[in-house]
Amino acid sequence: MKLSPFWHYIEKVDSLWHSLNFEWRKASQEIVDVFKKRSCADLSLLSYETKEQMNKNGFFSTIAEDEKIIATFLLTKRKSEIKSLYLIMSTNCNLACSYCLYAPSQSGSLSKSGKNLTQKEIFNALRLFQAKTCQNKRDAPGYWEQITFYGGEPLLNMKGLKFGIEMIDRIKREERIWGNLKIIIDTNGTLIDDDFIDFAKKNQLSLQISIDGPREIHDSARKFKNGKGTFDRVHRAMEKLSKEKVKFLPLITVSPANINFLPKSIEWLCSNFAIDEIAMNLLMHTGGDLGISYGKLAAEAMLSGHNTAKRFNVCDPVFDDVLKRFAAPNIASEICGAGIKIAAFPGGNLHACQALENCGEGLLGQTTDFDEKCLNWQEWKKRSRFSNQNCLRCPVLGLCGGGCAASAFVASGSINDIDPYYCEWIKKLFELWIDGEIK
Ligand code: SF4
Ligand code: SF4
């Protein structure tokens, strides 16, 4: 018998907490002391009554029991289907944002030689996605499929983008598939013109536009390569889209530049545009030191940003889901799309993730010869907090989404490590929940 790794003593509420079945238990001081000392606790010194009590409450477990619990989660991850395709339309970008993961040389993200995805490469990627999704259990409840046009800046490859959308349309019609396929264009918004707006409207595209707040906040981080702020261009595009009734989702990257003004930025967005959703994104690690407790501050800022948005009936569905986990605790799915996502890059390479092109860690081969048995794919499919010993001993294990593998790689050199920003962020949310700040 050993102490269960899933029970934890939480000092703030003087109770024991189970990280997987989300139970709270009060316990005697002797039992609390055992959990406080955990690694150096001598169980043989416990009285018979205490041992009985601990046994009855499930405070002990065997290695076999723990392994069974963990294996169940890992199996679900390994069985996941490919449901998402990222088309990296260009590895070029016309901006130089201060927090961009792709820019720093140490990040191992986009290669330096900017290239566009060719029509042949788009064709191959879409045919591969068609072949993979055809094998999926599409009748399963909650089933979804998504194609994201991404970069760099995807609008730098407008010809390719139009070709891709037409081809998706053709596949949908000819093969009678992808009935509920979501198509997303993830753009910095600076190249949106009337022609693109017509195109987006005609094809009912979902646009995600990066905007970090009002002019002075946005421009302090999101700049053109000559150092000039991009706010005016993005703002003009958003106004035109609103006028033409083209729906868009404002993507706010929570960075040191706006972390103290997040509610203000959200209030500005909600009062100036007819939006019903926003997305607040955590930064990915860029290998440097931000000089602040970024994860903790981001948790607090996002919670108040969320409360501000609620006043306007606007929500961030992803953040909302995280908060719902606390209201009705259940085991969170991994937030990392790797293992259900493939990313096609200019040059014909296929990757497990859109963010690590340059380091080879996510390389799956060519789009035309992808074999799911390849080592890198198997490695990414296995990646989970349940295969990380440090996570297994963490009180937030069940509620945590495991963070971003690319961010972990940039921070420490391994995709299987902890994503430091996400880890600090979700732990702070757990603390805020215990404090009653999350209802
Ligand atoms: S590693 Fe990060 S960027 Fe890549 S798919 Fe996972 S969450 Fe997304
Ligand atoms: S990533 Fe951090 S918060 Fe999440 S389970 Fe691992 S150690 Fe805990």
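In this predicted model, Phe 149 stands opposite Ile 185 in strand 8. Strand 7 (residues 146–150) and strand 8 (residues 182–187) run parallel and are joined by four bridges. Between these strands the chain passes through helix 5 (residues 158–175), and the β-α-β crossover is right-handed.

- Strand 9 is joined to strand 10 by four bridges, and the two run parallel.
- Gln 208 has Leu 249 in strand 10 as its bridge partner.
- Strand 10 (residues 248–254) is mostly covered, with five of its seven residues buried.
- Strand 10 pairs with strand 11 (residues 279–282) over four bridges, again in the parallel sense.
- In this pair, Thr 253 stands opposite Asn 281 of strand 11.
- The path from strand 10 to strand 11 goes through helix 9 (residues 262–272), and this β-α-β crossover is right-handed.

- Most residues other than glycine have a negative phi, and most peptide bonds are trans.
- The peptide bond from Gly 151 to Gly 152 is cis, with omega near 20 degrees.
- Gly 152 sits in the loop between strand 7 and helix 5.
- Arg 176 is not a glycine, yet it has a positive phi of about 50 degrees.
- Trp 178 is not a glycine either, and its positive phi is about 55 degrees.
- Arg 176 lies in the loop between helix 5 and strand 8, and Trp 178 has its place in the loop between helix 5 and strand 8 too.
- Is Arg 176 buried or exposed? Arg 176 is exposed, because it has 8 other C-beta atoms within 10 Å and the limit for exposed is 12 or fewer.
- Trp 178 counts as buried, because it has 20 C-beta neighbours inside 10 Å and buried requires 20 or more.

**Nonpolar cores**

- The largest nonpolar core has 91 residues.
- Which of its residues touch the most other members? They are Leu 87 and Ala 344.
- Leaving aside neighbours within four places in sequence, the contacts of Leu 87 include Ile 147, Phe 149 and Tyr 150. Ala 344 is also among them.
- A second, separate core has nine residues, among them Leu 16, Ile 31, Val 34 and Met 54.

**Around ligand 1**

- The residues surrounding ligand 1 include Cys 336, Cys 353 and Cys 404. Lys 341 and Ser 407 are also among them.
- Helix 14 (residues 405–412) gives the largest share of this shell, three residues.
- By class, the shell around ligand 1 has seven nonpolar, two polar and one charged residues.

**Around ligand 2**

- Ligand 2 has 13 residues around it. Which of them come nearest? They are Cys 391, Cys 394, Val 396, Cys 400 and Cys 423.
- Helix 13 (389–392) and helix 15 (420–434) are the elements that give two or more residues to this shell.
- Helix 15 supplies the largest share, three residues.
- The shell around ligand 2 divides into eight nonpolar, three polar and two charged residues.

Notes
Residues numbered from 1 in each chain as written. Chains lettered and ligands numbered in written order. Predicted model: local features only at pLDDT ≥ 70, side-chain atom pairs only at ≥ 80, totals over all residues. Pairing = 2+ DSSP bridges. Right-handed = clockwise from strand over helix to strand, strands pointing away. Near = placed C-beta within 6 Å. Nonpolar A, V, L, I, M, F, W, Y, C, P; charged D, E, K, R; others polar. Core = buried A, V, L, I, M, F, W, Y, C linked by C-beta atoms within 7 Å. Contact = placed C-beta atoms within 7 Å.
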